[in-house]
Every structure is written in structure tokens, then in C-alpha cells.
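Take a moment to look over the sequence and the model below. A short walk through a few places follows.

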Amino acid sequence: MKLLLASVLFLLLVNAIAGQKAEAAAQPRVIILATGGTIAGRAASETAVTGYQAGDLNIASLMEKVPELQEVATVTGETVCAIDSKDMTDDIWLRLARRVNEIFAAGEADGIVITHGTDTMEETAWFLNLTVQSDRPVVLTGAMRPATAISADGPMNLLEAVRTAACPDAAGQGVLIVMNGDINAAREAAKTNTLNTDAFRPPSLGLLGYVNDGVPTFYRASTRRHTTRSEFDVARLDALPYVKILYGHAGDDSLFVEAAVKAGVRGIVYAGPGNGSVHRDAEAALAEAAARGIIVVRATRTGSGAVVPEALPTDGPPFLSAGTLSPTKARILLQLALTRTNRPDEIQEMFRTY
Ligand code: SIN
């Protein structure tokens with residue numbers, strides 16, 4: 001009788017383990033690539049929300065704080081870098097894009113989450129939106145409060161990002177930013193507040209969706225080219241073209257235009273007031289730069305709305321217009337555009353389609 005009972009218990013145990021294994025095998029696989037930021041920040045006290053060391057905690061410690069991650073997906077983590085994102089570089093972008101492409105090409109994950117500082121998160125997301133060659137979800141997330149703060153927002157953001165990366169509806173939506181329950185397209189998202197937890201907004205064109213009570217829910221999709229429809233390939237690039245942003249203002253002049261030309265830039269984004277308008281005292285120098293083959297793109301410093309083409313009073317090569325892209329995102333598209341062509345008409349077409 002005892003033997004029979006023991007055998008039954010043994011069989012039940014074997015079945016339970018097999019069931020768990022089957023469930024784990026059926027779960028989506030998500031890899032978290034850590035790059036640093038406030039989400040991994042350690043402050044001196046629980047009430048400090050500034051003056052902390054960004055990128056101090058490793059990915060294993062972040063994952064330990066959210067054991068629920070493993071209920072959503074089979075989640076593993078690796079470190080790409082551990083920086084304050086204000087110090088982001090082209091070199092890290094190139095490494096990150098290659099690592100994402102490598103993981104998907106090898107079929108190692110169904111989705112990828114990138115933990116990132118919020119300061120330049122929208123730039124990295126946009127760079128990846130143009131250089132990842134897969135329609136599987138890539139989701140960036142971070143935190144406005146360090147991991148050591150009371151009510152740190154990082155753990156919930158991480159869980160919601162993993163839920164989104166594991167969600168089939170997120171496939172084909174381009175690179176996403178999930179913060180504070182909002183799902184933003186990389187193209188539209190901007191950090192719009194220095195400290196608040198709802199810092200990320202799409203100033204011109206709206207959110208893609210929300211993570212509603214743990215369920216990523218999409219209400220619309222971007223019509224612009226991205227990921228699998230992008231023509232940009234960074235597999236063999238070891239540097240990106242040098243492009244600078246110049247900020248237009250009352251009392252502007254040609255000083256920084258001349259300095260940029262002297263430094264050898266291949267492109268200039270002029271973040272002008274209103275419809276990307278160029279101060280008359282900077283315009284001649286910009287026109288001269290354009291005549292030398294430097295691509296000049298007008299963007300707006302207003303924070304929202306489209307920059308539309310404007311006739312120049314001078315003859316000569318046109319200044320291009322950035323449409324609804326912010327100056328920082330226009331800079332990235334121009335960098336990538338210059339890896340393909342120097343022709344202003346072809347580059348303007350890219351601004352119309354990405
Ligand atoms: C950073 O961007 O690395 C620091 C700020 C933040 O993550 O909120």
C-alpha cells in the first residue's frame with residue numbers, strides 16, 4: 001500500500017515538473033539589454049531623486065526586484081554598458097543595433113527590452129527604429145526615480161516593458177518606449193519633463209497605446225517606414241557621419257555655422273523658431289555651407305508641429321525640412337541618410353518617408 005502511494009506521488013511530481021517545463025517552453029523569450037540610467041541608479045537616501053549615481057546597479061539586481069518577470073516570459077539579462085545616458089555615443093548605438101540584430105538573426109529571443117537612461121532614450125529608440133532589421137518587439141524603458149527611492153517607478157516600468165516585448169500585438173510596430181503605462185512610438189516620443197514620472201509624451205502625433213492593467217493595448221500604428229522597411233544597414237559601419245545641431249535664437253549670427261563648417265561637419269540641423277525659420281544673420285553662412293555640399297535641415301525648436309518647406313530669398317541649394325521630427329531625431333536621420341547618399345533631393349525624400 002505504502003509502495004503504491006509513493007509511486008502515485010512520484011508520478012504526480014514528475015507530471016508537475018513536466019507541466020512546468022512545458023509552460024516555460026511555451027513562454028515567450030525576452031532578453032533585457034542593460035545600458036544604465038536612473039532605473040539602475042543608487043542614491044544616498046530613499047528620498048533623494050537627484051544627485052545619484054546612474055547605471056550603478058547591475059541587471060541581475062534589477063531583475064531580482066521584479067520576480068513577476070518570469071511569469072510573463074523567460075527573461076534573461078545582459079549588460080551592454082552602464083552609463084548616464086547624457087553620455088551616449090554613436091559607438092554604443094552601433095554596438096546596440098548590431099547586438100539586437102544578432103539576437104534576432106540567431107532566433108534567441110521573441111522580444112528585447114532595453115533599459116536606458118531617460119535623458120537620451122528617445123534618441124536611442126529612434127536610431128534603433130531605423131536600424132533594427134526585425135519586426136519583433138524592441139522596447140526601451142527606464143525610470144525617473146532611482147532604484148533606491150521610495151515609490152521607484154523602475155520596477156513597474158520594467159515589468160510593463162517585458163509584457164509589451166512579449167506581446168504579439170507589439171510586433172511590427174517599430175521600436176517602442178514604454179514608460180508610466182504609456183506605449184510611445186520611437187518616432188514620436190520625447191522626454192518633456194525633468195523630474196515627473198510621466199515625462200514621456202508624443203508632442204505632435206499621439207500615443208500608440210497603453211499598458212492597461214498589465215495588458216499592452218494598441219489603438220493605432222505609425223505609417224512611417226521603420227525596422228524591416230528601413231534601408232539603413234549599420235552592420236559594417238564603425239562610425240557615423242558628423243552632424244551637429246545649431247539652436248536658432250534672437251540675436252543669432254554666423255559664429256557657430258562657421259565653426260561647424262570649419263570642424264568638417266557633413267550636415268547641420270538648424271533648430272529654428274516657429275516653422276524652423278533661419279535668422280537672417282545666420283542664413284548667408286548656412287547657404288554657403290549648403291553650396292559646399294553640407295546638408296542643412298531646418299527643424300523647429302517649438303517642440304511640436306511640422307516644419308514645411310519655405311522658399312529661400314537667396315538662390316542656391318535648398319535647406320531641407322525636418323517635418324515633425326524633433327531636431328535631435330532629425331540629426332540622427334541625417335546621419336543615417338548620409339551613409340547612403342549626399343543628394344539633397346534623396347535626403348528630403350527620406351524625411352518624407354521615415
Ligand atoms: C540618464 O539619462 O541616464 C539619467 C536620467 C534618467 O535616467 O532619468
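Which backbone nitrogen does the side chain of Asn-129 reach? It is the backbone nitrogen of Val-175, at 2.9 Å. Keep in mind that this model is predicted.

Stay with Asn-129 for a moment. The residue sits in helix H5, which covers residues 121–131. Beyond its neighbours within four places in sequence, Asn-129 is in contact with Gly-174, Val-175, Ala-186, His-226 and Thr-227.

Thr-227 lies in the loop between strand S10 and strand S11 (243–247). Thr-227 is buried too, with a relative accessible area of 4%. Its phi is positive, about 40°, although Thr-227 is not a glycine. Most residues other than glycine have a negative phi.

Asp-213 is another non-glycine residue with a positive phi, here near 45°. Asp-213 is found in the loop between strand S9 (209–212) and strand S10 (215–218). Is Asp-213 buried or exposed? Its relative accessibility is 81%. Exposed means over 50%, so Asp-213 counts as exposed.

Now turn to the ligand. Its surroundings are Gly-37, Thr-38, Tyr-52, Asp-84, Ser-85, Gly-117, Thr-118, Asp-119, Ala-143 and Lys-191. By class, this shell holds 2 nonpolar, 5 polar and 3 charged residues. An N or O atom in the side chain of Asp-84 is 3.2 Å from a ligand oxygen. For Asp-119, a polar backbone atom lies 3.0 Å from an oxygen atom of the ligand. At Ala-143, a backbone N or O atom is 3.2 Å from a ligand oxygen. On its own, the ligand has 250 Å² of accessible area, and the protein covers 94% of that.

The last stop is helix H8, residues 280–291. How far apart are its end C-alpha atoms? They are 17 Å apart. At 1.5 Å a residue, the 12 residues should span 16 Å, so the two values agree. The buried residues of H8 are Ala-282, Glu-283, Ala-285, Leu-286, Ala-287, Ala-289 and Ala-290. Their cover includes helix H7 (255–263), strand S12 (267–272) and strand S13 (295–300). In an α-helix there are 3.6 residues a turn, so residues three or four places apart point the same way. After H8 comes Gly-293, with a positive phi near 100°.

Methods: Residues are numbered from 1 along each chain as its sequence is written. This is a predicted model: local features need pLDDT of at least 70, side-chain atom pairs count only at pLDDT 80 or more; totals for chains, interfaces and linings use all residues. Side-chain values use heavy atoms; hydrogens and water are left out. Helices (H or I, at least four residues) and strands (E, at least two) are DSSP runs, numbered from the N terminus. A polar contact is a pair of N or O atoms within 3.5 Å; within protein, one must be able to donate a hydrogen and the other to accept it, and residues adjacent in sequence count only if both atoms are side-chain atoms. Contact means heavy atoms within 4.5 Å. A residue is near a molecule or strand if one of its heavy atoms lies within 4 Å of it. Accessible areas come from the Shrake-Rupley method with a 1.4 Å probe; for residues, only the protein chains shown count as cover. Ala, Val, Leu, Ile, Met, Phe, Trp, Tyr, Cys and Pro count as nonpolar, Asp, Glu, Lys and Arg as charged, and the others, Gly among them, as polar. The expected span of a helix is 1.5 Å times one less than its number of residues. Buried means under 20% relative accessible area, exposed over 50%, partly exposed in between (1.4 Å probe, protein chains only).
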